[in-house]
Amino acid sequence: MLMSVRGAIAATLLAGTALAATPAFADEAAPPSDITVTGSASVASQYRFRGISQSDNKPVIQGAITVSHSSGFYVATWGSSATGNDAVDIGGTEIDVYGGWTGKLGGSGVTLDAGVYGYLYPGNTPGNVYELYGSLAYALGPVNAKAGVYFAPDQKNTSRSNTYVYGELSGAIPNTPLTVHTHLGHTGGAFDFPKQYIDYTAGVTYSWKHLSLDASIVGTNLKRSDFVAAGCDTPGFASCNTLHRVSKAVGVVTLTASF
């Protein structure tokens with residue numbers, strides 16, 4: 001999602017006019033750094049995580065920084081503002097910290113990405129959790145295909161383990177600045193809402209230099225009747241209307257500046 005920028009320092013040593021009789025020094029370019037820093041800043045109409053609104057369907061500000069090594073190892077952080085309600089309240093702010101390794105698997109053309117992902121909620125620390133993740137990506141002509149899994153072991157702030165599996169397809173439209181992308185995922189375990197569910201995303205991104213504007217439809221297969229069956233509108237539960245509102249399909253628009 002981030003546009004990669006690799007910096008290099010170039011130095012050129014030239015003989016001065018006073019040394020015209022001596023050979024000029026050859027241009028010397030320093031080798032590129034093994035470290036790459038990328039980042040982004042975004043404004044979005046709302047924050048959806050696995051199909052569920054984390055910001056009460058309200059706008060958010062988000063940002064990310066990734067530090068990568070030429071060996072394939074990387075560490076990163078991502079953050080978002082949020083507005084809570086009685087269905088989802090992450091405490092106003094989410095800060096994610098994660099790291100892992102990514103690279104090609106031999107000459108197969110398959111890219112592996114695997115690591116550990118931590119979700120931190122300064123305003124609601126009982127929600128802090130971590131997951132192990134892994135994915136495989138492969139280019140099928142102009143189409144990029146990806147499949148992956150996030151696994152949250154049973155830990156202090158969960159009642160049991162959770163598994164999230166997903167698949168994605170994306171591709172640029174030839175001779176245009178547009179990219180089409182789709183995502184389909186399944187949540188099962190501790191993060192059921194209120195049962196195992198499917199989330200989906202379909203959208204298009206317009207890119208110009210370091211800016212991108214994305215418009216997507218994001219939602220889940222959860223119905224209001226699913227929340228009624230789970231006991232919404234009873235003491236200790238969020239309202240049926242609120243639960244359904246944060247999980248039903250909506251349009252999400254995001255403007256991102258990458259560096």
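Biologist: Why is Thr-158 called buried?

Modeller: Its relative accessible area is 12%. Buried means under 20%, exposed means over 50%, and partly exposed is the range in between, with a 1.4 Å probe and only protein chains counted. Thr-158 at 12% is therefore buried. This is a predicted model, in which local features need pLDDT of at least 70 and side-chain atom pairs count only at pLDDT 80 or more, while totals for chains, interfaces and linings use all residues. Residues are numbered from 1 along each chain as its sequence is written, and side-chain values use heavy atoms, with hydrogens and water left out.

Biologist: Where is Thr-158 found?

Modeller: Thr-158 is in the loop between strand E11 (143-152) and strand E12 (162-172). Helices (H or I, at least four residues) and strands (E, at least two) are DSSP runs, numbered from the N terminus.

Biologist: What makes the pair of Gln-155 and Thr-158 a polar contact?

Modeller: A polar atom of the Thr-158 side chain lies 2.9 Å from the backbone nitrogen of Gln-155. The term asks for a pair of N or O atoms within 3.5 Å; within protein, one must be able to donate a hydrogen and the other to accept it, and residues adjacent in sequence count only if both atoms are side-chain atoms. The backbone oxygen of Arg-160 lies 3.3 Å from a polar atom of the Thr-158 side chain.

Biologist: Which residues is Thr-158 in contact with, leaving aside its neighbours within four places in sequence?

Modeller: They are Val-129, Pro-153, Ala-190 and Phe-191. Contact means heavy atoms within 4.5 Å.

Biologist: Why does Ser-216 count as buried?

Modeller: Its relative accessibility is 7%, and the buried class is under 20%, so Ser-216 belongs there. Ser-216 is placed in strand E15 (residues 211-220). Its side chain makes a polar contact of 3.4 Å with the side chain of His-181, and a polar contact of 2.6 Å joins the side chains of Ser-216 and Asp-214. Leaving aside neighbours within four places in sequence, Ser-216 is in contact with His-181, Thr-201, Ala-202, Gly-203, Val-250, Gly-251 and Val-252.

Biologist: How do you know that E6 and E7 pair?

Modeller: Strand E6 (residues 60-69) and E7 are joined by seven bridges and run antiparallel. Ile-65 has Thr-77 in E7 as its bridge partner. The hairpin of E6 and E7 has three residues between the strands, and Gly-72 in this hairpin takes a positive phi near 110 degrees.

Biologist: Which residues of E7 make up the covered face, and which the uncovered one?

Modeller: In strand E7 (residues 73-81), Tyr-74, Ala-76, Trp-78 and Ser-80 form the covered face, whereas Phe-73, Val-75, Thr-77, Gly-79 and Ser-81 form the uncovered one. In a regular strand the side chains alternate between the two faces of the sheet.

Biologist: How many bridges join E7 to E8?

Modeller: Nine bridges join E7 to strand E8 (residues 93-104), and the two run antiparallel. Gly-79 stands opposite Ile-95 in E8. E8 is in turn joined to strand E9 (residues 111-120) by 10 bridges, also antiparallel, with Gly-103 opposite Leu-112 in E9.

Biologist: In what order do the strands close into a barrel?

Modeller: 12 strands close with antiparallel pairing in the order E3-E6-E7-E8-E9-E10-E11-E12-E13-E14-E15-E16. The twist averages 20 degrees from one strand to the next. The chain has two helices and 16 strands.

Biologist: Why is Asn-57 called partly exposed?

Modeller: Its relative accessible area is 24%, which falls between 20% and 50%, so Asn-57 is partly exposed. Asn-57 lies in the loop between strand E5 (52-53) and E6. Its phi is near 60 degrees, a positive value in a residue other than glycine.

Biologist: What makes Asp-233 exposed?

Modeller: A relative accessible area of 52% is over 50%, so Asp-233 is exposed. Asp-233 is in the loop between helix H1 (224-230) and helix H2 (240-245). Although not a glycine, Asp-233 has a positive phi of about 65 degrees.

Biologist: What is omega for the peptide bond from Phe-193 to Pro-194?

Modeller: Omega is near -10 degrees, and the bond is cis. Pro-194 is in the loop between strand E13 (178-189) and strand E14 (197-208).

Technical notes
Pairing = 2+ DSSP bridges. Axes fitted to C-alpha atoms, helices over the stretch in contact; angles between N-to-C directions.
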